Structure formats: C-alpha cells, structure tokens
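Please keep the sequence and the three-dimensional model side by side while reading. The paragraphs below proceed from the ligand to the helix pairs and then to the backbone.

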Amino acid sequence: MCGIIGYTGRGDALSRVTAGLCALEYRGYDSAGAAFFCGGDVNVIKTAGRIAELIKLTKEIDSSPNCAIGHTRWATHGAPTKTNAHPHKYGRVTLVHNGIIENHAELKAAVGAHPISETDSEIAAACIDAIFSECGDPLLSVRRACDGFSGSFAIGVMFDCFPGMIYAAKNKSPLIVGISKSGNYIASDVAAIISETDTYIELCDGDVCMISPDRCVIIDKRSEEVKRSAAVANVVADDIGLCGYDHFMKKEIAQEPEAIRKTLLRRMSDGAVSFCGDGLSDEYLSGIEKLTVVACGTAYHAGLWAKHYIEKTCRIPVDVVIASEYIYGDPLTRSGDTVIFISQSGETADTLSALELASSRGAMTIAVVNVKTSSIARRADVAVFTEAGPEIAVASTKAYTVQCAVMTALGARIAYAKGILDTHGLRSVSRALTGDLCDAINDVIAREAGISAAAKRYHKSDDVYFIGRGADVCACLEASLKLKEISYVHSEAYAAGELKHGTISLITDGTPVIALVGDEKTSDKMMNAIREVAARGADVFAVCRRDFPRDEAIKTRFELPACSDDVLAIAAQTVFQLFAYHTAKLRGCDVDKPRNLAKSVTVE
Ligand code: F6R
C-alpha cells in the first residue's frame, strides 16, 4: 500500500526520496508526490501518474534541497487524482500518510477544517496544524494530534518553520528510521533505504519521532523520550534487485526451491523437521485437538492446503477462515484454542485485527510469517518464520510455496507428536519437502517452454476455468487468483464434481478448462469431468500425473514431475504461476505491478 520515505542530511534529498519511492513501488500505488524545503518554505510536487512522472518534475527544480519527504499513494479515501495525492499541505504542516484515519469526519468538524482533497490524510494535517497554532511545539503537536486519531497510520510531517526536520509517527502501520553517515531517513520499509544504509530503528506503535541530519528523538505515548535500539537489516541489495531477470515474479518463482530449503533445513534435527526451536514443543502439539487458520488471499489458499493435509494426516478438524470474515463473524474461538495466522508481509490489516481478536479471546496465536519485524510477527504468541526473503512482485509466489511447505511440515510434526506418524514417517515427509518438492519445482521451471506454449494457446481467452479434486482444488483456487490478478483474465476454480451442478452451463465451444490431476485416487473421476467438458466444446489443458492416460478430450498436456503424492499439488502451483506469468506478458500487462493491487494491504 502507500509508501513513505523521508530524508534529511547532506546531499540531494529529492534524488534519495525518489530512489526510495522506486524501491517501494512493489507495494502498489496509483499516484506519487514529494515535498521539500526551498527558500524557508515547504514546496509540494505531485502527479496522478507513475514515479517516472514525479522524477521529471524534480528535474525542473533548480535548487538541491537536503530535506524532503515522498509518498506513493494507493487510494482509499478519494479517487487517485493529483489533488488527492500526497503530500498534503495544510497551514504550516505538510504530511504524507499510510493507513486510514477512521474518525476523520469528527476530526474535520472539531477543527473546522476546509480541505481541498477528499482524503482523511489532509484532515490529519489540519489537526496537527491546529494544535501547533496553540502549543508552537512541532513534536508535541504531532503527539497530541495522533492521540486523537483512531485507525492505522504511519505519517511523515514537515513544518514550514522548521527546516531540516522531519517528524513521524506510527500506529499499526509500518515505519522505520534509517540511520546513515550522511543523514537520517524515515521509511515504510528497509527496501526504501537499503541502497544507502542497512542500519535502522523499528518504531513501536504510539511512537512519535523527530529526525534531523544528525539526531533522532523518539517519544512514547506518555510523551517521554525513549531509546529504541538500532538493528542491521539482513537484506542485501541483490535481494531487492532484478539480478538479470525480466520481472521480480520470474525471479521469485526461481527462488522457490532455495526458499523452501532455507526455511526447513534450519528446523531439521536428525532428518526430521521440528518446531521446538520456534516454541512449539511436541507436548504442546500433541494436545491440539482442532485448529483454525486465518489469512487473506494467497495466504488463505495456503491455509486451505494446510486443512487438506492436516485433516488427512492428523485426523483433527481444521477451520480455514478469511481474515476479514473472521473479524466480523463472531468466531467460536475460545481460551485454549490454537489459531494460526499465515501472512507474507505480516502487516495485512485484516489478518492483524483477526489476530488481536483471537488473542483477546485467550487463544494461543501462531504466526507463519515472512517478515520478521512485522506487526503480526510481534503480536503472535509464537512466530514461525518463513525464509522466502523479500517478495517484491505484487503477486505472491515463493511466499505461498514456502507457506504450504511449512504448514505440511507442521502437520507432519503434529501427527508425530500425537503418535500417528513414527520417526520414519516424519523423516520421509521432511525429505519429500526438502528434496522431492524442490527437485520437482526445478523440473517444472526447466520445462517452462511447455507452459509458455500453453499460455500462447490460451492467452486471448477472457474466461478460464480450473478444475481439480481434493488437494488439487486448493491449488486450482490459487491458480485462478494468480491468473486473475496479473493477466486480468476472468477465471474460476471448481471442484470438478461440482461442474454438473451449475457451472457446466458456461462451457461452450473453445472455453479453456485447465484440469489439475495430481491426486491418483480421483484420476478416473477427473477423466470423466474432462470428457464431460470436452463434449461441450471445452479446450482442455491437463496438468497431470505422468501416469494419467492420454485421451482425445485433452488438447494440451503438461506432465507433473514424479514426486511424493504428499507434496505434488504444491509443485503443481509453480506450473500455474508460470502460466499466469506468460499469459500476463502476452497480454501486455504490468506483471509485477498489476492494476489496483497493493503488495501489503495495511487497511481493512
Ligand atoms: C496475491 C497476494 C495476496 C496476499 C494477501 C495477503 O498474490 O499476494 O492475495 O496473499 O493480500 O497478504 P499477506 O500474505 O502479506 O498477509
């Protein structure tokens, strides 16, 4: 979602700010802007277009400011127009904001604000300006204004009369302070500053801070000065660069085997995966009698995979709930329950709110999360980190694969703790994940030409149907989401047996139906479904086991690698990720930054 960057120090602040915005592009945005000190005043430039447009505007500035803030906006309140783009200047205050100020209407009335934009953010600027008029102290004005805001926010602020100073605050939206030899930064995440410095301070919810070229002062909720320790980011520039790939999505798919191994090998003891080091002892796991998994989007699909595997292996019920439904659905979670939250970013607002709700009901909360410093990682009782590394493409690929692998490993360990799997069984699942699965994904990637040929055949279609059975249905749901989000092709995923209960009426001459046949037990049933749709004109693309019979109903075929049945549906997802990738490319879509989407959805 919105990206914030600010710099004060030696050298050109605007070029640093625009470079930081480019590094934050992956979060998704629809407009961009910057503000900088010039001649004792704060000037604002903005555009309803891409960052390249903003960079053009910066070239027209003849001074070289050394204090600036910048922003990429993902519209929530008001259309993606230049007026609604940030920064917003109100009185002496210029502000950039990520998140939502929920009580903006009351605040607007309380301060009698007359904003020119439709945004809640301009009201926040008006509030700070009103308080500043009374107290004259910028840090305290931000502090007091934030005390009156409800919702999630990270803000960066400049005051006309305080050149060289940037003020910032955060509540439930990410914000860090970057420390470098030439000056100091504020940023939404480390990616924005990593080309300049790897040293940063993680602000806590409720913190308000002031940065100048050589100082950083932080006050807490009680307005008392606090020290927050600096950390060194374990991200290197290569992690966030393309490294020769055309797109981040392609690079991230290629990283899947390495990400799975990195995540699981460090949890391996004597050939068997264990979560003891994460704080999940076998004693605890053996007592789990039911599980709830909560997540959004792709992470939710990883939860569906987990349900399939854990119910089959551990014979305990697993509920999988979309986070936004969990929050408002009065869930049955009670003290003593175990609720698992899956999230790549660890900042998804719906998932975070669901975690807080489960926690307030006394549940044990476990986060399966990729970003170690994220809010979800911090708030959960136990954080099981995936080691996928930074995921820059908006469409999640490697994070999903690793989430599925970790949930499978956790399921196997629960089964072991309960005495359902013996050591041999646990070792064999561990090997399947770190060996078979990784080899299978590499094999799929090596045969990418077959997948791009299929994309060439189907890319002009406007409706695509995915069908499968059992675990393959989970994979189909994720395949359909991937295709929709990056290629804008309408697609749906169905349990193959459901077609005849309604959807088959949509199948006409040439409709692409992509059938996933990974489950041996239901191969025959899948063949029936394929023949049924082919008889109605469907152009069937089978992504299937090697032993699946050839049939004239199948027009295109991609054989899945030989692989343990336990993990075949995870490897199949790589086929679909590449299929979506090539379809999007052929349709001329912006693969890494699909329209309207944000990488980290920090608003409910
Ligand atoms: C789709 C995608 C989204 C995310 C969802 C949850 O490719 O990336 O559906 O999976 O927004 O995000 P996280 O995992 O960061 O909580």
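An oxygen atom of the ligand lies 3.4 Å from a polar backbone atom of Val-394, a polar contact being a pair of N or O atoms within 3.5 Å. A polar backbone atom of Gln-344 is 2.7 Å from an oxygen atom of the ligand, and a polar side-chain atom of Lys-482 is 2.9 Å from a ligand oxygen atom. In total, 13 residues surround the ligand, and the closest are Ser-343, Gln-344, Ser-345, Thr-348 and Glu-485; a residue is counted here if one of its heavy atoms lies within 4 Å of the molecule.

The model is predicted, so that local features need pLDDT of at least 70 and side-chain atom pairs count only at pLDDT 80 or more, whereas totals for chains, interfaces and linings use all residues. Residues are numbered from 1 along each chain as its sequence is written, and side-chain values use heavy atoms, with hydrogens and water left out.

Two helix pairs may be considered next. Helices (H or I, at least four residues) and strands (E, at least two) are DSSP runs numbered from the N terminus. Axes are lines fitted to C-alpha atoms, for helices over the stretch in contact, and angles between N-to-C directions run from 0 to 180 degrees.

Helix α7 (residues 256–265) packs against helix α14 (residues 423–446) at an angle of about 170 degrees, and their axes are 9 Å apart. The two helices are therefore roughly antiparallel, the term for angles over 145 degrees; angles under 35 count as roughly parallel, 65 to 115 as roughly perpendicular and the rest as oblique.

The contact includes Ile-128 and Phe-132 of α4 together with Leu-140 and Val-142 of α5.

Which features of the backbone remain to be noted at His-86 and Arg-315? Most residues other than glycine have a negative phi, and most peptide bonds are trans. The peptide bond from His-86 to Pro-87 is cis, with omega near 0 degrees, and Pro-87 lies in the loop between β4 (67–73) and β5 (88–90). Arg-315, a residue other than glycine, has a positive phi near 55 degrees; Arg-315 belongs to the loop between α9 (297–314) and β19 (318–322).

Terms used
Contact = heavy atoms within 4.5 Å. Polar contact = N/O pair within 3.5 Å; in protein donor to acceptor, adjacent residues only side chain to side chain.
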